[in-house]
Amino acid sequence: LWLAACGLLAPFVHNNRLNAAQAQMSDQSSPEAASADSPAAEERSPLAPLSSGGVGGNSTASNVAQDDPEFEVEVAVDERESWGTKIDFLLSIIGFAVDLANVWRFPYLCYKYGGGAFLLPYFLMNIFQAVPLFYMELVLGQVNQHGPIRVWDICPLARGIGLAQNLMTYLVAFYYNVIIAWCFLFLFNSFSTTTLPWMKCDNAFNTEWCVTVEQYKNLTMQNRSAKYVLASEEFFERGVLAIHESVGLSNLGQPRLLLVICCMIVFTCLYFSLWKGVKTSGKVVYITATMPYILLSILLVNGARLPGASRGIKYFINPDLSKLNSIDPWIEAAIQVFYSTGAGFGVHLSYASYSRPKNNCYRDCLITAAANAAASFLAGFVVFSYLGYMSEITGKPVDQVTAEGPGLVFQVYPIAIGTLPVAPLWSILFFSLLITLGLDSAMGGMECLLTGVGDLIEKPLRRYKNVREIFTVCVIVFAFFMSIFLCTQGGMYIWNLLNNFSAGLSIIVVAFSQAIAVSWFYGLDQFCKDIKDNLGFSPGIFWRLCWKFISPVFILVIIVFNIVILMDSSSFLYFYKYTEYHPELFANRTEGNNYFYFYPTGGKLIGWGICAIQLGMIPALAVYAIVSYKSLAKAITPIRDHRLVDSGHVTRYTIRHWLSLGPMDTFPLDLIHRAWSKRRHGNKSNANASEAEDGDGNHKASESYPMTGSSKVVDEDG
């Protein structure tokens, strides 16, 4: 409700700032006041008129305002913190993109869907879906210099997108940081001078079916291993989670003290990484973003020489093209690249808002996409080299020791490491890897909320000291107290519910809405002009087609697929699968050793409610924008151009705005435009075209924009 209130108040906060800026300008309109402008002020343009072609300016608005003082509008640009160096920003977006999913989901998908054959849909989805949306988000934040809520001053109708992103990243923080707490708990248990605790069965929580690796191998050879479980599986579910002491959501039990302490450590690390803004988080990522590559390389060198490693790697990369005949691998690839790059969460947008407007975010986008793919492949080789070794020591095929998600990194992988010489050392390295992967992603999620809401509250509260620090404390402390529910004996039931619903369908719909809002409502004419004004070049035709058509269509297919899953009552969304038999929860063993907790109706309603609240913000804020402005035209027009709408200059009501692929300044649009002009106007058009060229010979027809109700084209001179 608090976030919703901030979103609803955003238009009034902005209008008050705009009125104050105009009043200040009128007071300083004398020649003496105008001559007092300092060079620093001129460089930062704290009061930049639209006619100056400032950041994100509208070309039509600029031309009209330049000719007619009645339409001259000036917008205040806040002083904004920026990254210490460009590498701080680059490492931050790489750190957020490369997370735990690169280790526990990508390798499993490669194995499940044809090994090396899965790389084909993976790369295609990266090229046509993930990277274009990633690029769009970086440009959106950098050009407008605002977080995920205020950035939608360019289209008030879409302000609900930013609000949904803020709520989504905060909900994810409740359970994602608990995963890092599990990693800390395993890390502390790794400092053992004897046997690692998940390698033995003499703990108080162990059952009579617990066996060590050697015992399990002997039972497998005798075909008697079906009802027995490895010590690592019981250590995680019964030792760490104590899930056997909770029957479900109706009885969560008591918080686990060690987990609560580990959660406190995680949130403390987050606070001291974020409390001073990007100045501090930009330095932390030098460790958290680079260390995973170093640790993965060390683990790969060690894993590649283990017996059975080649067998596991073969399972990982061996191509089976027949698996690509179904729709499943294509849908899974689309979902994987979507979550892997992190586009749609608003984090990259928030990070980019602290970059200099002229920073080459296009280069950063490509570097991050390459680094993300490299991390996934490297993690795949590491994981499957150890799974091959696990197959060797247990006597079971690789496909029977393979797992996905938490089961892979907290049950299968630890026991493989535990059999190595100097096992504690390798365990410390592995869980340090998971912690570094998790922390910078958790930092990004928190920064999205701090930036989005901070844009609304920091200026009104600027007269108070340490606003950022106090706000960070409030956000971190509340998230910590919410995470305590996930540290209870039944906390895994809540964790699974949040994991399925907080960033499932909602993140996909948010990304789809963002693509539509930018490429259709804001318009590619203006968006491409923003890129050219700030980066120095126009985006190519590939990016424009992806933004307007290809990426939205791909995402729409995923949305339909997810809705089908949501409507299926037997879907994985509505149950939690135990990895072993718990006599406290089940009276009898089943033949297939499959044990489930099915969420009651109340649990399903909670999941649907979490998803519905996030998605409902988008249409609710859209309706509110139309009602509050009493005009659809204003709701889809940047706030800086609202006075132009009042005068009847509504560029969003033209056919060109909706059908345009952007300025005709890139191949092959420039050739098409020249050919069309020559055919229509003949020699006269050639003369006009030569007049419309600048000193470098660049055609300026891209700057033209048809006015409402007129066939006349307005050029740069109005």
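In which helix is the place of Ala97? Ala97 belongs to helix H5, which covers residues 86–97; helices here are DSSP runs of H or I with at least four residues, numbered from the N terminus. This is a predicted model, in which local features need pLDDT of at least 70 and side-chain atom pairs count only at pLDDT 80 or more, while totals for chains, interfaces and linings use all residues. Residues are numbered from 1 along each chain as its sequence is written, and side-chain values use heavy atoms, with hydrogens and water left out.

An unreviewed UniProt entry places the feature "binding site" at Gly95, Ala97, Val98, Asn102, Ser340, Asn372, Leu437, Asp440 and Ser441. Although these positions are spread over 347 residues of sequence, they cluster in space, with a largest C-alpha distance of 13.7 Å. Such annotations use the numbering given here, have shortened feature names, and may be inferred rather than shown by experiment.

Ala97 counts as buried because its relative accessibility is 1%, where buried means under 20% relative accessible area, exposed over 50% and partly exposed in between, with a 1.4 Å probe and protein chains only. Asp440, found in helix H21 (residues 423–457), is also buried, at 2%. Leaving aside neighbours within four places in sequence, Asp440 is in contact (heavy atoms within 4.5 Å) with residues including Gly95, Val98 and Tyr351.

Turning to the backbone, Ala242 has a positive phi of about 55° although it is not a glycine, and this residue is buried, at 0% relative accessibility. Lys630 has a positive phi near 55°, but Lys630 is exposed, at 77%.

Definitions and conventions:
Helix = DSSP H or I, 4+ residues; strand = E, 2+ residues; numbered from the N terminus.
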